[in-house]
Every structure is written in structure tokens, then in C-alpha cells.
Amino acid sequence: MTNSTRINQRLSKTVQSIQPSGIRRFFDLASTMDNIISLGVGEPDFVTPWNIREAAFSSMERGFTAYTANAGLLELREEISKYMSQEFSLHYSPASEVLVTVGASEAIDIAIRSLVDPGDEVIVVEPTFVSYAPIVSLAGGVPVSVGTKKEDAFKLTPAQLEAAITPKTKLVMLCFPNNPTGAVMTKEELELISHVIKKHDLLVLSDEIYAELSYDTSHYSIARLPDMRERTVVISGFSKAFAMTGWRLGFTLAPEDITAAMLKIHQYTMMCASTPAQYGALEALQNGLADVKKMVQSYHQRRNFVVKSFAEIGLPCHTPGGAFYAFPSIKNTGFDSGEFAEKLLLEERVAVVPGNVFGAGGEGHIRCSYATSMENLEESVRRIGQFLEKHC
Ligand code: PMP
């Protein structure tokens with residue numbers, strides 16, 4: 001037995017049971033090729049606005065290089081509280097109900113670890129962000145997938161939710177606007193879901209990181225519905241709306257007892273989020289909203305272009321109400337999503353993500369991020385059109 005096989009066998013069984021992200025394989029392949037247009041990555045194509053970058057430099061020049069409070073700079077939590085109240089009518093106390101985290105990713109992890117015991121079932125509404133199910137498994141929970149359907153515009157129906165609930169169900173993970181489908185849910189649709197959640201006394205993790213990127217209706221949080229605030233953790237952050245993915249800054253809004261539990265994990269594992277990033281975020285909230293509006297307008301135009309162009313080349317695509325992804329159906333091509341993505345990459349040099357990596361309901365689709373230049377979008381539509389003509 002070699003040293004490395006011995007060590008592999010001694011890795012924790014939980015870690016061994018987790019698969020690496022399916023998105024990676026395509027990025028690794030694409031990174032070895034030239035002249036690729038990538039519709040693969042899930043991040044803004046904008047650089048963080050200058051005033052935010054400058055605020056971070058300036059904090060360092062002023063010598064603010066030490067840890068902040070574990071929960072984050074109080075000033076920043078106050079701004080987050082004000083912003084979420086003004087923009088989304090979510091009212092949380094900066095001192096005890098807001099926690100600044102290392103990206104929305106950490107926020108999701110500590111929320112799940114605070115609420116899930118080994119053996120608890122967690123309903124993961126899919127297709128969705130690839131991290132949810134592994135995070136649940138790492139916490140000892142059991143992810144239970146529920147696949148939304150194209151016919152329902154990728155929204156969760158109360159009947160689907162009801163059918164997935166067992167006596168072991170503890171929590172439901174929602175993500176609207178959704179990655180990868182772009183689906184949004186209205187107040188009325190969420191209301192129906194909330195009745196089921198309350199009937200079974202479940203908790204909710206509501207990942208609202210794409211809330212600002214809502215194009216046709218304004219975002220409505222499930223935490224606003226009667227008796228939902230007390231059982232919901234709202235996840236958000238700076239990565240998407242403020243084009244700050246590399247800064248690693250997110251936050252949670254949750255009732256005091258849940259926030260205190262999450263803070264316990266956060267203080268032992270992270271201590272606090274990066275100090276210069278927190279000063280940048282403070283500037284983002286104080287003076288960055290006009291830039292967010294401009295970026296959202298630009299995504300909105302690109303959304304319209306992509307949906308119209310896909311229809312013209314025979315790629316059926318529902319209209320995504322939010323985020324920056326289109327999720328067209330490739331069912332009539334005869335390929336599964338993995339084959340389609342691989343052939344498209346090798347033959348036409350366009351990188352997209354196969355829908356099956358996003359869980360139940362994702363097969364038969366591809367995710368195309370339109371957070372790239374109009375020039376890239378026009379050229380990728382041309383190449384995908386050529387690909388379809390050749391194969392269909
Ligand atoms: N939630 C969703 C739905 C996402 O799409 C992403 C990033 N792709 C994240 C959370 C992670 O965000 P962050 O970069 O702030 O960790």
C-alpha cells in the first residue's frame with residue numbers, strides 16, 4: 001500500500017462521500033483551450049466600482065488592519081440593516097440580528113450547521129447552487145432534493161414541497177432569484193409555500209444573494225410573510241449586486257437566537273470577515289447604489305437579448321426573472337446536458353454549464369451566464385446557432 005492510498009483511506013468518511021463540483025471539470029477543460037467564449041462563470045463581468053476599492057485602500061492607509069468585532073464592524077451592520085430595510089422591507093437589529101460573514105458561502109454553512117442535527121432531512125429545492133447539498137451532508141444532515149419543473153417556470157409548488165416532507169424534515173433551502181434558472185417567486189406564490197412550512201413547523205434558509213438583480217418585479221422575501229421571520233435565515237452579500245466576488249463578504253439576517261448560534265461557529269472558525277473588505281462594503285452601501293442600478297440595467301438588457309436570440313436560433317428558453325443566467329432547454333437536440341456542453345466546447349469553443357450539475361430538474365438544460373460583454377454574447381449566439389444547425 002502506498003502512502004497516499006493509506007492517507008486516502010483515513011480521510012473522514014463524510015469528506016470521502018462528497019463529490020467535487022461538476023462545474024470544475026468544464027472549467028479545467030476550457031482553461032486548456034484557446035479562443036473560448038465563456039458563459040460558464042457565475043460572477044459579474046464588472047470590476048468593483050472605484051470608490052469601493054478606494055475605501056478599502058484608505059482603510060489600510062489609516063491603519064485599520066486589526067480584527068473587527070466577530071459579528072462585523074457595527075457601522076457596517078448598521079448600514080446593512082438600513083439598506084435591507086429600505087430596499088427589501090426586512091427589519092433586523094444591527095446589534096443582534098445581523099452577522100457579517102466570509103461571503104454568502106460561509107453564511108450558508110454556518111446557518112446549516114447551527115440548525116441541522118445529524119440525521120435531520122433538509123429539503124433542497126433544485127436545480128440550485130451546487131454547494132447546498134454538500135454543505136448539508138458535511139453537517140451530518142440528509143439532503144432531500146425536490147426538482148422544480150420548466151412547466152412551473154422552475155418555481156416550487158406547495159404540492160411538491162408537501163410530498164417531500166417526512167417526520168425527519170427540519171429545514172427547506174430556497175434560492176430565488178435562482179441560480180441557475182433565474183426563476184423568481186412572487187409574494188402570492190411564497191405565501192402558499194409558507195402555509196406548508198408553518199403547518200409542518202419547518203425552518204427556512206432563504207438565499208437572496210440575487211435579490212437586487214430582479215428585472216420584471218421587485219424582490220419579495222419569504223421572511224416578510226406572517227410568522228416566517230422567526231423561522232427564517234436570510235442570506236445575502238456583496239458578491240453579485242456590488243460586483244465584489246473576490247472580496248468574500250456576505251451576511252445573514254436572522255432572529256437573535258439563531259444569529260447567536262451562528263456567531264458561535266463564526267467566531268471559532270473565522271474570527272471575523274476581512275477588515276479592509278468590510279470598509280469597502282461600508283462605502284458600497286453608503287455611496288454605491290447608483291452603480292448597482294447601472295449594472296442591473298445592463299444585465300437586464302443582456303437578459304432580453306439572450307432570451308430573444310436563443311428563441312431565434314431554436315433554443316427554447318423561459319424568461320429568467322432575475323440573477324444573470326439563462327437556462328434554455330436542449331431536450332430537442334437528442335444530447336444530454338453533459339454531452340451538449342462538452343461537444344459545444346470542443347466544436348464551437350463556447351463554455352456553458354450542463355444543467356445536471358445543479359441537481360434534480362436540471363438535466364435537459366444548460367446554464368448560460370450572460371454576465372459577459374454584448375460582443376461575447378452575440379458571438380456565442382452565432383456559434384451555438386451553428387452548432388444546432390449541424391446537429392439538429
Ligand atoms: N448563493 C448563490 C445562489 C450563489 O450563486 C453563489 C455564488 N455563485 C453564492 C451563494 C456564493 O456567494 P459568495 O461569493 O458571496 O460566497
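# A walk through a two-domain model

Start with the whole chain in view: the centres of domain 1 and domain 2, taken over C-alpha atoms, are 24 Å apart. What you have open is a predicted model, where local features need pLDDT of at least 70, side-chain atom pairs count only at pLDDT 80 or more, and totals for chains, interfaces and linings use all residues. To find your way, note that residues are numbered from 1 along each chain as its sequence is written.

**Stop 1: the two domains**

Colour 3-48 + 290-391 as domain 1 and 50-288 as domain 2. These bounds come from an automatic or database domain assignment.

Now look at where the domains touch. Domain 1 brings 37 residues to the contact and domain 2 brings 40. Being in contact here means that the C-beta atoms of two residues, placed from the backbone, lie within 7 Å. On the domain 1 side, select helix H3 (22-30), helix H12 (289-312) and strand S9 (325-326), which each supply at least two residues. H12 has the largest share of that side, with seven residues. Those element names come from DSSP runs, numbered from the N terminus: helices are H or I with at least four residues, strands are E with at least two.

What kinds of residue make up the domain 1 side? By class there are 18 nonpolar, 15 polar and four charged residues. (Nonpolar covers Ala, Val, Leu, Ile, Met, Phe, Trp, Tyr, Cys and Pro; charged covers Asp, Glu, Lys and Arg; the others, Gly among them, are polar.)

**Stop 2: the nonpolar core**

Next, pick Ala111 and Met173. In the largest nonpolar core, which has 112 residues, these two touch the most other members. Helix H6 (residues 103-115) is the element that gives the most to this core, seven residues. Both domain 1 (3-48 + 290-391) and domain 2 (50-288) give residues to the core, so it lies between them.

Such a core is a set of buried Ala, Val, Leu, Ile, Met, Phe, Trp, Tyr and Cys residues joined through C-beta atoms within 7 Å. A residue is buried if 20 or more other C-beta atoms lie within 10 Å of its own, exposed if 12 or fewer, and partly exposed in between, with C-beta atoms placed from the backbone.

Which residues does Ala111 touch? Leaving aside neighbours within four places in sequence, Ala111 is in contact with Leu205, Val233, Ile235, Thr252 and Met262.

**Stop 3**

Six of the six residues of S7 are buried, so the strand is largely enclosed by the rest of the structure.

S7 pairs with S6 in the parallel sense over four bridges, with Ser206 opposite Val234. With S8, the pairing of S7 is antiparallel, over four bridges, and Gly237 stands opposite Gly250. (Two strands pair if DSSP finds at least two bridges between them.)

Then follow the loop between S7 (232-237) and S8 (250-253) to Ala241. Is Ala241 buried or exposed? It has 23 C-beta neighbours inside 10 Å, so Ala241 counts as buried. Not counting residues up to four places away in sequence, Ala241 touches Glu212, Leu213 and Val292.

**Stop 3: helix H9**

Select residues 187-199. This is helix H9, with 13 residues and 18 Å from first C-alpha to last, close to the 18 Å expected at 1.5 Å a residue. (The expected span is 1.5 Å times one less than the number of residues.) Its buried residues are Leu190, Ile193, Ser194 and Ile197. Among what covers them are helix H8 (158-164), strand S5 (169-175) and strand S6 (203-207). Just after H9, check Asp201, which takes a positive phi of about 50°.

**Stop 4: a three-stranded sheet**

Finish with the open sheet whose strand order is S9-S12-S11, with antiparallel pairing. S9 and S11 (353-354) are the edge strands, each pairing on one side only.

Show the side chains of S12: Ile366 and Cys368 point one way, Arg367 and Ser369 the other, and all are buried. Two bridges join S12 to S9, where Tyr325 stands opposite Ser369. S12 and S11 also pair over two bridges: look for Pro354 opposite Ile366, and for Val353 with its bridge partner Arg367.
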